[in-house]
Amino acid sequence: MIPFRNDHVGSFLRPANLTQAREQYKSGNITYEQLTAVEDNEIIRIIEKQKENGIAAVTDGEFRRSWWHFDFLGGLDGVELFEEIAGPKFHNMVTRKGGIRIVGKVDFSTHPFIQHFEFLKKHAGDAVAKQTIPSPNMLLYRVEYNDEIYKERESFLQDTIAAYQKAIQAFYDAGCRYLQLDDTAWADLFSEAGHDKLRAKGWDPAEELKIMQRMINESLAHKPEDLVVTMHICRGNYKSNYFSTGGYDYASEVIFGGLNVDGLFLEFDDERSGGFEPLKYVNRKDLKVVLGLITSKSGELEDKEQIKARIAEAATYVPLEQLCLSPQCGFSSTEEGNILTEEQQWRKLRFVKEIADEVWNS
């Protein structure tokens, strides 16, 4: 079953030698080939570590990325990465500089992430190779728009959908059968502050909710039947910090009853995420709901009985057999990573498996 009862979001803390190699490459002290060799070795190691810790769906830890989203989006045709812009604003902090901008018509032709996935699949062995990419909504809501290239927003939406349809097929052709769309754009709908941010750009929250739904469903309109696509919804993850708060309530009917995904990874690790009541809108028996009850923002383990009690509470809205468990986010959405040790990271994942085994195999 994908997602698995004990699953994870995808990113892992970067090892020191990989961080050092990236700095050496940026300063011109090693070649791109030398950097790639370090990445290759560390990805092979992280795949094996995932297996050792009971993970059935392995990723490359996002070790070839600096940002969880910008690296993929900046590799699309018509989009580029640039650093001459302030980074996203988080609670009590601002990230390092960086962003994406439109420089031409958006499309998908080739992309280094396809080769990255092929390397992962080659070394995954008997584990499922899971690919994570940002949702199409991330391009819409995190890009520096260019109204000279796109005078009408509708053309931008259509090109983005077409590019994602091509990307999804390209990953499938490369052997991917488990694809995860990571999406923080929904969080703009979860609070009045988020609504105000949308209105400041001239957008109506109710209309943007429809657009976000459309972007997901139309991007998946032609997906192969045996490709499992999940979506991870998050409120920000940078050095153990966050950028938004609020429950799923405003968007709950769409998220839980109106998206054509196979599974949802949901942030539920603290009060910022609200309660489980919005799960009442789940209207499909084949939709898997992955409860992100274990925080990736700190190394301290949660109380096991409390986690079990929360799973039981969620099961009053969605049948237990449709539920799974994971950390609420990755451990290193950007190369800086969250504030915990690598051993604490693995301990968290073993904890997830231990609870899942007790809940679903008892």
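Q: How far apart are the end C-alpha atoms of helix H11 (residues 342-360)?
A: Helices (H or I, at least four residues) and strands (E, at least two) are DSSP runs numbered from the N terminus. The expected span of a helix is 1.5 Å times one less than its number of residues. For the 19 residues of H11 that comes to 27 Å. The model agrees, because the end C-alpha atoms are separated by 27 Å.

Q: Which pLDDT do side-chain atom pairs need in order to count?
A: Residues are numbered from 1 along each chain as its sequence is written, and side-chain values use heavy atoms, without hydrogens or water. This is a predicted model, in which totals for chains, interfaces and linings use all residues, local features need pLDDT of at least 70, and side-chain atom pairs need pLDDT 80 or more.

Q: What covers the buried residues of H11?
A: Buried means under 20% relative accessible area, exposed over 50%, and partly exposed in between (1.4 Å probe, protein chains only). The buried residues of H11 include Trp346, Phe351, Ile355 and Trp360. Contact means heavy atoms within 4.5 Å. The cover includes H2, strand S12 (288-294), helix H10 (304-314) and strand S13 (323-327).

Q: What radius of gyration does the protein chain have?
A: The radius is taken over C-alpha atoms, and the globule rule is 2.2 Å times the number of residues to the power 0.38. With 362 residues, a compact globule would come near 21 Å. The C-alpha atoms fill a box of roughly 55 × 50 × 45 Å along the principal axes. The chain agrees with the globule value, at 19 Å.

Q: What share of contacts between residues at least 6 apart in sequence joins residues at least 24 apart?
A: The chain has 11 helices and 13 strands. Buried residues make up 58% of its 362 residues. Of the contacts between residues at least 6 apart, the share joining residues at least 24 apart is 79%.

Q: Which residue just after H6 takes a positive phi?
A: Helix H6 (residues 153-173) has 21 residues and reaches 30 Å, close to the expected 30 Å. Its buried residues include Phe156, Leu157, Ile161, Tyr164, Ile168 and Phe171. Just after the helix, a positive phi of about 105° is taken by Gly175.

Q: Is Phe276 buried or exposed?
A: Phe276 lies in the loop between strand S11 (263-267) and S12. Leaving aside neighbours within four places in sequence, its contacts include Phe268, Leu291, Arg310 and Tyr317. Its relative accessible area is 2%, so Phe276 counts as buried.

Q: How many disulfides does the model have?
A: A disulfide is a pair of cysteine sulfur atoms within 2.5 Å. Cys176 is in none, since the nearest cysteine sulfur, that of Cys324, is 18 Å away. Cys234 is in none, with the sulfur of Cys329 nearest at 3.6 Å. By this rule the count is 0.

Q: What relative accessibility does Glu62 have?
A: Glu62 lies in the loop between strand S1 (57-58) and helix H3 (70-73). Its phi is positive, about 60°, although Glu62 is not a glycine. Glu62 counts as buried, because its relative accessibility is 3%.

Q: How far apart in space are Asn29 and Lys210, C-alpha to C-alpha?
A: Asn29 is in the loop between helix H1 (16-26) and helix H2 (32-52). With a relative accessible area of 59%, Asn29 is exposed. Asn29 and Lys210 are 181 residues apart in sequence, and in space they are apart by 48 Å.

Q: Which residues does His123 touch, not counting those up to four places away in sequence?
A: His123 sits in helix H4 (residues 112-124). Its relative accessible area is 25%, so His123 is partly exposed. His123 touches Ile44, Ile47, Glu48 and Lys51.
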